[in-house]
Amino acid sequence: MAPKAQKKPQGKQMAKSSAPHKPKNSAINASRLMKYSRARIFQRKAAYKVKKVKTPAKKSAEKAAAAAFVVKKIGGDKNGGERKVYKKTPKSLPTQVASRKVQLRPKKTFKKHVRRIRSNLAPGAVLILLAGRHKGKRVVLLKQLESGLLLVTGPRKLNGCPLRRVSQRYVIGTKTRIDISKVALPERLNDAYFRRQRSAKKSAASAGGSADIFAKSDAAYAVSAERREDQAAVDKALMGAIKASGDGPMLRSYLRSLFSIKSGQRPHAMVF
Amino acid sequence: MGKLDKFVQVGRVAFIANGADSGKVCAIAEIVDQNRVLIDGPCTGVRRQVCDMKRLHLTGFHLPLPHSSRTAVVRRKWLAAKLDERWTGTSWAKKLEARRLRASMTDFDRFRCARAKQIRNRIVSVAMGSLRKTSSAKLRKPNKKRHLRKA
């Protein structure tokens, strides 16, 4: 812990402005045993020359004092118009300061998770969907979105599968590839675009509003104009790419057909 | 039990059924004992080694090899006998190749194969249908009362 602190640049004010220079301390082995001890590096850096600047009073103390009560407006005349509502003391106060555990590898939020993709899934690959509404359909992989889900499309013209997100777990990646380098995907196709829209009524009800909980659920899903537009654009480009690839007519009927396991076929022994 | 014409002898060409060299053919260069032989396949990538007879399947080919021939001699005799072409021409080798191709078919290949079969079968059935029609027309006796029969 100590060696790491030495490596950090001085937080205190320096007499002269200093450009970043080479660190005065260095590790001498892989487990980061430092060459100079804390006392020694204090000497080397001449940290005794640095004047300590008084840090301003902690703002949190002020905050705590200010937030001791909240001024609330109340109705009715002859009531004074407002009241100071004091904060209740917490039910339990800790008797010991909780020791901070050093997080050597802190828990990553979902956004920071590493998104991996199977090596045989590349843009332009034909995938077999194994679950969901479109199971059994052979679709074209367009790209991997930021959330890690795959963006696929039938094309919709061939098998009815629209621009859709799909998890790579429910997918077989085949060896068949279509060259989609010339297919320009609309910029707006991202996770937010495909996110499921919750009805406003329901969200109000959950927030504790006075919405009728027995009200009818929201109307059936209607395809938005921008979805139609994007689908048409992508389909057109993709059909062109399919036509241009070798064995175009066969590829078209291939994408139209459904996948199934026949008797005697063993998926673990099959090459896809 | 068929004809006892494939002997474990020096020069017999054998097919290796399992192990690292499975699927390759080699020649028997020497007999070690009841169960083991010394094999060598310089033209097929099989190193000279002692091999158990249980791993080998004897073929119908035989090279005129003197016993304990070194690899260079085996190679010379093999090339002279044109064994590579002769082996790949056998139905045994052809079946192996067909099996290998079938196993390596991708999903698209399987689809294409099924589609090709379907097209061929349709052509055949259409031709069959028309043949049946013409032959049945020939066989049927002209019945004058046919058209008077009530529907």
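This is a predicted model: local features need pLDDT of at least 70, side-chain atom pairs count only at pLDDT 80 or more; totals for chains, interfaces and linings use all residues.
Residues are numbered from 1 along each chain as its sequence is written, chains are lettered from A and ligands numbered from 1 in the order in which they are written, and side-chain values use heavy atoms, without hydrogens and water.

I begin with chain A. Of its 272 residues, 25% are buried, that is, under 20% relative accessible area, where exposed means over 50% and partly exposed lies in between, with a 1.4 Å probe and protein chains only.

I turn now to the rings. Over all chains, the whole structure holds nine aromatic pairs; rings of Phe, Tyr and Trp (its six-membered ring) pair if their centres lie within 6.5 Å, and planes under 30 degrees apart count as stacked, over 60 as edge-to-face and the rest as tilted. One of them joins A:Phe69 and A:Tyr86, a tilted pair with 5.2 Å between centres and 55 degrees between planes. A:Phe69 is partly exposed at 26%, whereas A:Tyr86 is exposed at 53%.

The rings of A:Phe259 and A:Phe272 are edge-to-face, because their planes stand at 65 degrees, with centres 5.9 Å apart. Both residues, A:Phe259 and A:Phe272, are buried.

Finally, which residue has its charged end over the ring of A:Phe272? It is B:Arg110, 5.5 Å from the ring centre; the criterion is NZ of Lys or CZ of Arg within 6 Å of the ring centre and within 35 degrees of the ring normal.
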